[in-house]
Amino acid sequence: MLAAVSSGWYLSLGAVLFAMGAAGLMVRRNPLVMFMCIELMLNAVNLTFVTFARRLDDVGGQVVVFFVLVVAAAEVVVGLGIIVSILRRSPAATADDASYLRG
């Protein structure tokens, strides 16, 4: 039988996932990989909110997670469409190449 996992492990996992996402966002130049790193960071924050909500026995953290998921879904709809259209025009495009989107 497995012992119960304490909330400290979940917080540590959230911190590690957030650090991996932040490092990937700063290091990588491919817009699609940068997009996935942002999603990883959002999910790490969600894990932290859920952990604190459970620890404090408060539903507020879970409500915030719902709003973060809505923002992530909107980001996927708009951002992924833009990124895919950029990568279709030039498959080797980097984040710097998207500067032509400025008005």
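## Asn46 and helix α2

Asn46 is found in helix α2, where helices are DSSP runs of H or I with at least four residues, numbered from the N terminus. With a relative accessible area of 7%, Asn46 is buried; buried means under 20% relative accessible area, exposed means over 50%, and partly exposed lies in between, for a 1.4 Å probe and protein chains only. Not counting residues up to four places away in sequence, Asn46 touches Val65, Val68 and Leu69, a contact being heavy atoms within 4.5 Å.

The model is predicted: local features need pLDDT of at least 70, side-chain atom pairs count only at pLDDT 80 or more, and totals for chains, interfaces and linings use all residues. Residues are numbered from 1 along each chain as its sequence is written, and side-chain values use heavy atoms, with hydrogens and water left out.

## Extent and ends of α2

Helix α2 covers residues 31–56. Its 26 residues, at 1.5 Å a residue, should span 38 Å, and the end C-alpha atoms are 38 Å apart, which agrees. The expected span is 1.5 Å times one less than the number of residues. The buried residues of α2 include Pro31, Val33, Met34, Phe35 and Cys37. Among the elements that cover the buried residues of α2 are α1 (7–27) and α3.

At the N-terminal end, Asn30 caps α2, with a side-chain oxygen 3.1 Å from the backbone nitrogen of Leu32. After α2 comes Asp57, which has a positive phi of about 55° although it is not a glycine. Asp57 is placed in the loop between α2 and α3 and, at 72% relative accessibility, counts as exposed.

## A buried charge

Glu39 also belongs to helix α2. Glu39 is buried yet has no salt bridge, and Arg28, the nearest side chain of opposite charge, is 17 Å away.

## The largest nonpolar core

Five residues make up the largest nonpolar core: Phe35, Ile83, Ile86, Leu87 and Ala93. Helix α3 (residues 60–89) gives the most to this core, with three residues. Such a core is a set of buried Ala, Val, Leu, Ile, Met, Phe, Trp, Tyr and Cys residues joined through side-chain atoms within 4.5 Å.

Ile83 has its place in helix α3 and is buried, with a relative accessible area of 11%. Not counting residues up to four places away in sequence, Ile83 touches Pro31, Leu32 and Phe35. By the same exclusion, Ala93 touches Pro31, Ile86 and Leu87. Ile83 and Ala93 are ten residues apart along the chain, and their C-alpha atoms are separated by 9.6 Å.

## The salt bridge

The structure holds one salt bridge, defined as a side-chain nitrogen of Lys or Arg within 4 Å of a carboxyl oxygen of Asp or Glu. In this salt bridge the side chains of Asp96 and Arg29 meet at 2.8 Å, N to O. Asp96 lies in the segment after α3 and Arg29 in the loop between α1 and α2, so the pair ties together parts that are 67 residues apart in sequence. Asp96 counts as exposed at 52% relative accessibility, whereas Arg29 is partly exposed, with a relative accessible area of 35%.

Key. Helix = DSSP H or I, 4+ residues; strand = E, 2+ residues; numbered from the N terminus. Lys, Arg positive; Asp, Glu negative; His and termini not counted. Polar contact = N/O pair within 3.5 Å; in protein donor to acceptor, adjacent residues only side chain to side chain.
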